[in-house]
Amino acid sequence: MPLADLTQHGAHVMTVCNACRYCEQYCPVFPAMEERRTFGKADLAFLANLCHNCGECLYACQYAPPHEFGINVPNTLAQIRLQVYQDYAWPRVLGVAFTRHNLLTGLALAATFSAIFAVAAQNLSPTDRSGNFYAVVPHGVMVTLFGLIFLFAVVAMAVGVVRFVSHTGGLTRGLTRGQTPPQIETSGRTAAPFRDILTLRHLHASGADCVSGEEQRTPWRRWLHHCTFYGFLLCFASTTVAAIYDNVFGWRAPYDYASLPVVLGTSGGVGLLAGSLGLWILRRRRDPALTDQTQDGLDESFLALLFLTTLTGLALLVLRHEPVMPWLLVVHLGTVLALFVTLPYGKFMHGLYRAAALFIAR
Amino acid sequence: MIESEALEYDVVVVGGGNAALCAALTAGETLRQAHGRPAGRVIVLERAPREFRGGNSRHTRNLRCAHDAPTAVLTGSYSEDEFYADLLRVNANETDESLARLLICRSKTCTEWMSRCGVRFQSALRGTLHLSRTNAFFLGGGKALMNSYYAAAERMGIDVLYDAEVVSIDVRDGVFRSVRLQPDDRRGVRDHWELRGKALILASGGFESNLAWLKDAWGDAADNFIVRGTPYNTGTPLRAMLDAGAQPIGDPRGCHAIAVDARAPKFDGGIVTRLDCIPLGIVVNRHGERFADEGEDLWPKRYASWGMLVARQPGQLAYCLVDAKVADLFMPSVFPPIVADTIPELAQRLGMPAGRVSETVARFNDAVGPGTFNLDTLDDCRTHGLTPEKSHWAQRLDTPPYWGYPLKPGITFTYLGLRVDETMRVMTTGGRPMDNVYAAGEIMAGNVLRRGYIAGIGMTIGTVFGRIAGESAARAAR
């Protein structure tokens, strides 16, 4: 849908919803909507990212298609989110990646980076089986390359989120509060967003789990998100600890099976494998009416890169003393690099914008 | 799935809304528990396609319940006597007392039974409308409620047929034998087909979507009515039963109607077309004259009288005018207001004589006395020496921009129905109950509702009487 039409359609949907309000206790989108009377682009950007796509409001809607009003809140807000990701991308020109990015581009990127590593690698058939990664790709190259790319990704993501917050966050001040908006319960207003993020409360905000189809409520989507989220954090912690070992104490990889980086990385890896694979299966079983199918590629690329990064990482751990190690290493590094490069221009951003929206809604 | 031309069920339920599903679920429970028969001997005939199932219940959001103490879904207490007094007040003291008392007494057990069927409610202390003491609100509204009921019916093994239009009912000497259904090419049924049953429950709604029937009752005025709910309530089963000797109850003009935005679609506009601004401004007809007290009572108690007030105006049209002072104090509606900086300009845009409207507003403004505006109570802002007066929340219209909304009568459901006894058996014109024919919901709401309406009682009627009809029919089918 062209941008002007999408904004107009979003405003139409929210105007119908605001006159109905039957869904007001499902999630924080509707209470936030009730504080408004008109819905501009920034309002819609904020509301869209507050939506966790739990799906309840589509099946509850008396105006859902084929009704002439054609109200499908989860789908409309999903489309607006895609627009938001593009609008707030930095540099702006790369926002286009959100509409071009798919499984194929993700894998191609991983393959290209892997090939580059393979070409640049010093020795793909080492004679010793010490498991020394740096004999394949030098330490300095790894640190510099990943350091720079990671820094870039962090800056790009931070700029996007800061711009999103400054554009939409100011909106919540000075809103008309003619009626007392029915707040989703909050205990301690500062802690609430943290708790909501860490528990994914809005995937079960109404006391039951979110739906995958009419009257089909399952906890899987929440659990698999938890696996992915905490798996990611554990892997991140593993990398951080390893970096400290390396740079502060001068302890070089490979580390022991019982060492902190390996324990953190392995448990995180199991979570990521289960999470990414599970979410892949789950999204194919979900009622397609709930989602914006033009974004399937974004989901698939992110999930595939997460899964492959983890799989190659774990394989590397197990097979680090085998001759296949150098090949695994270049594929792993290539995949990780592809994941890092695509973080600011892929599905990863949904978590950041959603978290930001929860803080704004506070 | 339905192939045979002469199937026989224990209980045939005509209709697919709240009353129908409450009846079918209770009939299923009763058959299974009391008689050891499978609940699969119950069939629901829903005329609408699956996407529009649930009749007017799709558009509802709460039901009114008596209760002695606060519950998870209701605050305070609401005694049976208070409920009865509220009902009598809006019906000018006309009702069937024993049925009304039965309704109110049984309303106490509704939410618990509904929860067992998988229905979820909003928590009591939050929500847009201030009705949490008297009304339990469905989480997500009436369509979510119906989804829960249909899922429960499926779990129980009850057959549900969509696009199933009943064209005639075989009832002779008070004994039901079968219903005839419209041919349906999609099911490969090219002819009218027959479905036999041991007991029949009619829960097929009123006749509010039947424009010809409305015209019989209202004359040409009916052309200007908006039907707030389902287009499928054409009253075919009601007419068939009246023709078969069932005793009617209620006035053909009796109905629940509210004032809706005149720009609403003819059918199925639901809740979003209603306008809550009436107590905050003034309402004039197309000649620019006021015709009723806009501030008579708190809005939840008063909203249901405005449909008939507007229906009696020329062209069944009226206009609500408010000013910028109150623009944020009412629920937004789906259609934008018509806006102007002066009253004459607004009148012109709305198609009314500017001079008359200005005069009406000036007279009204002069009559407004001092007071402390408070929308939560019956405040002391009122007019003095004006006819009709505005007895509360009267404030001058003096702060531009001015907003106008066009109003038409929006009919929710009709009250003309079938007289029933306390087991929901349909009565004959001879005054005796039919053997195996029961009714619940809108089609018999006229037993209790004669003139007015109180919020949420339609769903109470469907739930309580649906359950009684379901149990009675299952016993009769034994």
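Reader: How many residues does helix α11 of chain B have, and what span does it reach?

Author: Helices (H or I, at least four residues) and strands (E, at least two) are DSSP runs numbered from the N terminus, and the expected span of a helix is 1.5 Å times one less than its number of residues. Helix α11 of chain B (residues 354–367) has 14 residues and reaches 20 Å from its first C-alpha to its last, close to the 20 Å expected. This is a predicted model: local features need pLDDT of at least 70, side-chain atom pairs count only at pLDDT 80 or more, and totals for chains, interfaces and linings use all residues. Residues are numbered from 1 along each chain as its sequence is written, with chains lettered from A and ligands numbered from 1 in the order in which they are written.

Reader: Which residues of α11(B) are buried, and which are exposed?

Author: A residue is buried if 20 or more other C-beta atoms lie within 10 Å of its own, exposed if 12 or fewer, and partly exposed in between, with C-beta atoms placed from the backbone. In α11(B), B:Val357, B:Thr360, B:Val361 and B:Phe364 are buried. Seen down the axis, the buried residues of α11(B) fall within an arc of 95° (taken from the directions from the helix axis to the C-beta atoms), so they line one face of the helix. On the other side of α11(B), B:Gly355 and B:Asp366 are exposed.

Reader: Which residues are buried in helix α7 of chain B?

Author: In α7(B), residues 236–243, the buried ones are B:Thr236, B:Pro237, B:Leu238, B:Ala240 and B:Met241. Just after α7(B), B:Gly245 takes a positive phi of about 95°.
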